[in-house]
Amino acid sequence: MTSPDDSAPDSGPDSASDPGPDSASHSADDGQESTFADRVYRSPAGIAGGVLLLAVGAWLGIDAMIRGEGRTPWLALAGLLFAVPVVIAFTVRPAVYAGADRLLVRNPFRTITLPWASVDGLRAGYTSEVLAAGAKYQLWAIPVSLRQRKRAARRQTRSAAEDPFSRTSAHVAVDTGEDRRAPSDVAIGDLREMAELNAARDGAQGAPEVRWAVEVIAPAVAGAVLLVIMLVSV
């Protein structure tokens with residue numbers, strides 16, 4: 001899960017002069033836009049696993065189509081046509097894009113666009129979820145790891161025991177500034193903060209929009225139908 005860092009503009013030699021009200025307003029707008037720059041959250045482990053599965057599947061499928069006899073090449077083709085879109089849908093495709101006006105959630109078979117004003121809340125229990133307009137949408141790109149959460153809790157407990165001045169925060173280390181929460185909890189916390197800050201923006205108004213990923217569903221269904229036909233006709 002990644003998010004771009006915002007960089008502050010370098011101050012020039014004339015920065016001490018009075019820029020005037022118009023320049024000050026323009027600078028404030030620029031600062032606000034840079035603060036709310038797009039953030040992208042993805043699962044590196046999921047992407048790596050998906051690429052590995054695709055490589056193995058392509059190797060076996062192409063080998064079967066080249067060297068196979070009888071119906072084997074057609075079965076391999078149908079299997080690849082079905083398996084490749086499904087693997088991509090669950091591993092490479094999921095992503096969460098957080099911008100100044102909206103949250104875009106790309107799940108395996110759906111793409112959900114949520115203006116910040118429509119977001120009622122975000123939470124990470126056993127899965128990461130966003131609540132909007134009475135509906136619940138899972139964030140596939142931000143998986144929850146109970147192991148990482150337990151490890152973070154142990155670090156927090158250890159740091160609190162070793163801190164004689166009781167300055168230890170439940171989230172941030174006092175000495176290093178490192179966030180001690182699990183990665184999924186950090187991501188949900190960032191998104192929750194963006195929702196609170198951006199909900200009042202003019203461009204953040206509107207209702208949720210849900211679009212089915214036809215580009216993934218169509219080839220997977222075609223491959224499944226072809227595979228069933230080939231197996232039944234054997």
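1. Two strands are taken as paired if DSSP finds at least two bridges between them; strands (E, at least two residues) and helices (H or I, at least four) are DSSP runs numbered from the N terminus. This is a predicted model, in which local features need pLDDT of at least 70, side-chain atom pairs count only at pLDDT 80 or more, and totals for chains, interfaces and linings use all residues. Residues are numbered from 1 along each chain as its sequence is written, and side-chain values use heavy atoms, leaving out hydrogens and water.

2. An open sheet is formed by three strands in the order 5-6-7, with antiparallel pairing. Strand 5 (119-124) and strand 7 (135-138) each have a single partner strand and stand at the edges, so one side of each lacks a neighbour in the sheet. From one strand to the next, the twist averages 20°.

3. Five bridges join strand 5 and strand 6 (residues 128-132) in the antiparallel sense. Leu-122 has Val-130 in strand 6 as its bridge partner. Helix 5 (residues 183-198) packs on the sheet and touches strand 5 and strand 6, where contact means heavy atoms within 4.5 Å. The direction of helix 5 makes about 165° with that of strand 5; axes are lines fitted to C-alpha atoms, for helices over the stretch in contact, and angles run from 0 to 180 degrees between N-to-C directions.

4. Ala-48 lies in helix 2 (residues 44-67). Ala-48 and Val-92 are 44 residues apart in sequence and 8.3 Å apart in space, C-alpha to C-alpha.
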